[in-house]
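Me: I have just opened this structure and would like to learn how to read it. Could you take me through it step by step?

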Amino acid sequence: MSLNVSNLTVHHGAICAVSQVSIAVPTGKLAAIIGANGAGKTTLLRTLSGLKTPTNGSIMWKGEKIAGIKPEALVRRGISHVSEGKSVIPELTVRENLELGAIWRRNAKESKESIDQVVSIFPRLGERLQQRADTLSGGERQMLAIGRAIMSKPQLLLLDEPSLGLAPLVIEQIFQTIRDLTTSMNLTVLLVEQNAMGALKIADLGIVLNLGKVVAMNHAQVLIDDPAVRAAYLGY
Amino acid sequence: MRKKLALFIFLGWILLLVGDRIDELRVYQGAQIAMYAIALSSIVLLTGYSGQVSLGNGAMMAVGGYSAALTLNNLGSPVWFAFVMAVVVSALFGAFLGAAAARLSGPYLAGTTLALAVGLPEIANQFDFLGGVPGILFDVGFPPARFGEEFTQYKWFFWIATFIALLSLFITSNILQSRYGRTWRAIRSNSLAAELSGVHSGRMKILAFTLSSALAGLAGAVMAMTISLVAPGAYTLALSFALVTGAVLAGVSSLPGVVFGALILVAIPEVADVLATRWGGDENLNNYLPGLIVSVLLILSVIFTPNGPGEKLKRRHHKKA
Amino acid sequence: MQKILETFLIGLSTGSIYALMSIALVLVWRSTRVVNFAQAGQAMLSTYIGFEIATRTEIFWLGLLFAIAAGALLGAGVDYFFMRVLFKHAVSGPAAVVAPVIATLGLLGLIRSIVGLIWGGEFKSIKAPASTDGFTIGEKTIPFSPLNLLIIVTVFVILISLAIIFQRTNLGLSLRASAYAPEIAQLAGIKTARTRTIGWAIAGGVGGVAGMLVTSSNFLSPYSLDLLLVFGFIAAVIGGLESMVGSVVGALILGIALTFILNYVGTSLVFIGGFVVLIVVLLVKPDGIMAKGRARRA
């Protein structure tokens with residue numbers, strides 16, 4: 001198990017957003033986290049990347065405790081978080097947004113190589129390297145956000161609603177890319193999604209959150225076939 | 001309302017009695033405390049209740065002081081009219097500034113008022129009718145003869161200043177408890193929500209500005225009375241700083257706190273004087289120690305009790321209960 | 001015609017000094033959301049240090065270097081020891097919004113008092129690095145002096161260096177990213193708190209240069225940089241508070257406008273002129289002249 005979360009509890013002020021969550025994701029696997037609005041999916045992700053400090057519980061990453069460590073330090077340990085809502089900086093160019101992800105590595109040559117790698121994954125970004133990020137379409141911005149995360153050479157990728165506000169065709173493409181990246185780069189991926197069906201289809205594991213608690217965790221296909229899950233989250 | 005009026009009259013009576021029993025220097029400082037209390041209530045009204053920060057109250061005081069002096073000297077009007085004019089002119093000035101500032105949020109307003117505080121005294125230097133660097137005299141005259149020979153000039157200042165302070169604090173406290181006061185608090189805590197429930201937040205902010213300036217102008221005129229003149233050197237940036245410090249110490253949203261703030265502002269130079277003498281009393285020490293104490297107090301209080309020392313006490317009280 | 005040109009050139013020299021001050025304010029505003037009124041104090045203390053060095057060694061440029069170093073150290077120190085503590089403590093209540101502004105004001109007072117305690121209130125002057133006598137063209141001597149030219153050149157060099165740092169280096173990219181979107185920068189692995197402190201240091205150094213340049217043609221006192229702060233702020237507002245390019249443009253416009261008022265109307269209206277410019281900009285174009293999509297471009 002590369003990521004091992006046990007009994008994690010996180011508060012927003014007085015409100016308990018994540019309650020006693022325990023999950024485990026093996027290396028190279030893609031886990032989809034689904035659930036209704038306010039289920040605590042985003043809070044869970046923000047805690048894993050260090051943006052929030054948990055009230056209780058532990059997070060083990062590659063055998064080390066990482067709860068409470070700052071995000072910029074976790075990036076150096078291979079954890080990359082693409083936050084909700086196309087996490088790019090509109091004022092910067094596409095190239096600058098990408099370069100940002102590799103600054104901490106302090107190696108201009110590797111940074112260039114990583115840009116080439118991102119461009120080979122997302123050729124559309126390659127055509128727009130000199131444009132400002134706010135000229136991109138929603139799908140391109142999401143590609144850029146994922147590209148920036150790849151620039152940090154992650155081993156654990158945390159994705160928060162990459163499909164938000166995108167057209168169905170684009171969503172399909174983004175999901176396919178996420179699946180391919182997981183396999184080709186041997187990434188461990190946590191994918192938080194409202195689009196439960198799409199996410200479960202590409203995932204190895206499915207985790208269902210409700211009101212801050214894990215209510216189901218199983219192979220993605222098992223969840224897709226589970227009538228209760230279908231009724232509650234897949235809409236049929 | 002009736003109760004509060006009685007309270008204020010009682011307070012005034014106590015102060016008059018106290019005024020008879022303390023020496024000249026303390027009487028004079030009493031007048032200064034009254035002046036600072038008016039000036040601080042002007043800041044409290046603006047910052048504490050409407051959420052805007054004005055760093056230029058020294059400049060507003062200058063507007064009031066000059067208006068009063070010009071009225072008294074050029075129109076030969078009675079003294080009370082000079083104070084009224086100080087209020088009217090600075091209120092107009094405040095309304096004008098508020099109209100511009102109502103569209104601004106935090107940093108713009110702070111910067112604009114700071115610019116005023118730095119620049120307005122400079123303007124007085126440039127125009128002859130404002131008296132240049134030496135300034136112009138502002139003489140409210142001797143106390144009326146019927147008070148007797150014993151009644152000193154300083155005591156007269158004290159009476160006038162105390163009367164004006166009590167009157168303006170009474171009016172201010174009533175305004176703050178009225179519909180307007182509630183609306184200001186609503187705007188401060190959430191201006192969008194206030195707008196949505198039908199408040200003209202722009203208009204209300206202009207009103208806050210106008211009233212605040214009127215109070216500051218009044219304080220400026222009282223100050224001119226206590227030093228018998230208006231001059232650019234009296235309304236410096238340091239004065240604006242001191243006022244902000246006093247307001248923070250008073251707890252920016254507490255009207256009773258202004259008396260405490262005013263007391264400290266008057267005490268600081270005295271404490272500084274004692275310390276400077278004890279530490280050798282060279283000229284720099286005398287000149288800059290008061291400023292040092294004011295700044296350190298301001299910084300410490302803004303870090304540790306940004307809402308005034310009263311807040312912590314209140315919280316402690318709540319915890320016990 | 002000649003007078004117009006002269007006024008323009010002197011305005012350019014004045015405005016270029018304002019530009020430095022307004023850049024210092026904009027840099028801090030972008031990263032910390034505070035208009036740092038203490039900047040006048042930081043610049044003043046740095047200038048006093050530069051003054052001591054310049055007077056003892058009789059080398060203006062050495063003084064300038066020390067002023068830059070002192071300004072940078074001071075700026076970093078203010079952020080590290082002061083703003084961080086402040087943001088930890090002042091979080092709620094009616095004063096939360098105004099606390100940082102008031103705190104910088106307190107800091108300005110503190111630095112001013114310390115400078116007063118050390119150096120006293122009397123006016124000091126620094127020997128200018130170039131002649132203050134105007135250039136002579138043919139028979140006539142114009143008011144524009146070698147010092148004015150030197151000021152313009154120095155500021156130009158500094159602006160170019162800043163542009164290179166901000167647009168071409170990783171540090172610049174980190175600074176911009178942390179200012180625009182601190183959380184995304186953090187998730188990208190940028191140490192945003194440290195980056196912010198570096199931003200304060202750069203602002204402090206730039207402020208130190210502004211102080212030295214103003215003082216080279218004027219006197220130095222614990223109050224002598226207050227007006228520079230005000231004009232720097234007005235220039236920053238003209239530029240929209242967010243944009244460094246905008247603030248430089250704003251500063252040049254302001255410097256030239258005020259010099260025209262000075263030469264054609266009289267001293268008495270210079271400050272009023274500046275204030276009117278401020279009010280008009282705030283009323284007509286509150287987002288600054290660079291608004292319209294480019295408002296936050298560095």
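**Reading the model, feature by feature**

Reply: Let us begin with chain A, which has ten helices and ten strands. Here helices (H or I, at least four residues) and strands (E, at least two) are DSSP runs, numbered from the N terminus. The radius of gyration of chain A is 17 Å, close to the 18 Å that the globule rule gives for 236 residues, so chain A is as compact as a globular protein of that length. That radius is taken over C-alpha atoms, and the globule rule is 2.2 Å times the number of residues to the power 0.38. This is a predicted model, in which local features need pLDDT of at least 70 and side-chain atom pairs count only at pLDDT 80 or more, while totals for chains, interfaces and linings use all residues. Residues are numbered from 1 along each chain as its sequence is written, with chains lettered from A and ligands numbered from 1 in the order in which they are written.

Me: What share of the residues in chain A is buried?

Reply: A residue is buried if 20 or more other C-beta atoms lie within 10 Å of its own, exposed if 12 or fewer, and partly exposed in between, with C-beta atoms placed from the backbone. In chain A, 49% of the 236 residues are buried. The C-alpha trace of chain A spans about 45 × 40 × 30 Å along its principal axes.

Me: How do I read paired strands?

Reply: Two strands pair if DSSP finds at least two bridges between them. In chain A, strand S1 (residues 3-12) and strand S2 (residues 15-25) run antiparallel and are joined by seven bridges. Leu8(A) stands opposite Val21(A) in S2(A). S1(A) and S2(A) form a hairpin with two residues between them, and Gly13(A) in the turn has a positive phi of about 60 degrees. S1(A) also runs antiparallel to strand S4 (residues 56-61) of chain A, with five bridges; there Thr9(A) has Asn56(A) as its bridge partner.

Me: How many residues does each chain give to the contact between chain C and chain B?

Reply: Two residues are in contact if their C-beta atoms, placed from the backbone, lie within 7 Å. Here chain C gives 45 residues and chain B gives 46. On the side of chain C that touches chain B, H4(C) has the largest share, 13 residues. By class, that side has 33 nonpolar, ten polar and two charged residues. Ala, Val, Leu, Ile, Met, Phe, Trp, Tyr, Cys and Pro count as nonpolar, Asp, Glu, Lys and Arg as charged, and the others, Gly among them, as polar.

Me: And how far can I trust chain B?

Reply: Where pLDDT is low, the predicted coordinates should not be read in detail. The mean for chain B is 81, and 92% of its residues reach 70 or more. Among the elements of chain B, helix H13 (residues 309-320) has the lowest mean pLDDT (54) and helix H3 (residues 57-75) the highest (88).

Notes
pLDDT is the predictor's confidence in each residue, from 0 to 100.
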